[in-house]
Amino acid sequence: MNIWIEYWERKTTENKNYYAQSQPISWEKPDKKDISRRFCQSREQANRIALSLQDQGYHVTVKTDGIL
């Protein structure tokens, strides 16, 4: 089983004058060429890296090609 992270730069149309729950944040699906991938050794490593990337302003998805 392989575990990897797909991440791309966050480009939201979020209006910062609203409270967090009052309006859904919309985002555009990126082009495939704009998605970066990083393979990980474990789910724990993938989660740590994903949280770090989110803090840096990226949308992040953890993916696997098998059953956990």
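1. In this predicted model, Arg37 is partly exposed, its relative accessible area being 44%. Its salt-bridge partner is Glu6, and the closest N and O atoms of the pair are 3.2 Å apart. Glu6 belongs to strand β1 (residues 3-9) and Arg37 to strand β2 (residues 36-40), so that distant parts of the chain, 31 residues apart, are linked.

2. Glu6 itself has a relative accessible area of 11% and is therefore buried, since the cut-off for that class is under 20%. Glu6 also forms a salt bridge with Lys63, with 3.4 Å between the closest N and O atoms. Because Lys63 lies in strand β3 (residues 58-64) and Glu6 in strand β1, this pair ties together parts 57 residues apart in sequence. Lys63 is partly exposed, with a relative accessible area of 31%.

3. The structure holds three salt bridges; one of them joins the side chains of Lys33 and Asp34 at 3.5 Å, N to O. Here Lys33 counts as exposed, at 69% relative accessibility, whereas Asp34 is partly exposed, at 39%.

4. As to the overall fold, the protein chain contains one helix and three strands, arranged along the sequence as β-β-α-β. Of the contacts between residues at least 6 apart in sequence, 76% join residues at least 24 apart.

5. Regarding the surface, buried residues account for 22% of the 68 residues in the protein chain. The accessible surface comes to about 5,800 Å², and carbon and sulfur atoms contribute 45% of that area.

Key
Residues numbered from 1 in each chain as written. Predicted model: local features only at pLDDT ≥ 70, side-chain atom pairs only at ≥ 80, totals over all residues. Heavy atoms only, no water. Helix = DSSP H or I, 4+ residues; strand = E, 2+ residues; numbered from the N terminus. Buried < 20%, exposed > 50% of the residue type's maximum accessible area, 1.4 Å probe, protein only. Contact = heavy atoms within 4.5 Å. Areas by Shrake-Rupley, 256 points an atom, 1.4 Å probe, with all protein chains shown as cover. Salt bridge = Lys/Arg side-chain N within 4 Å of Asp/Glu carboxyl O.
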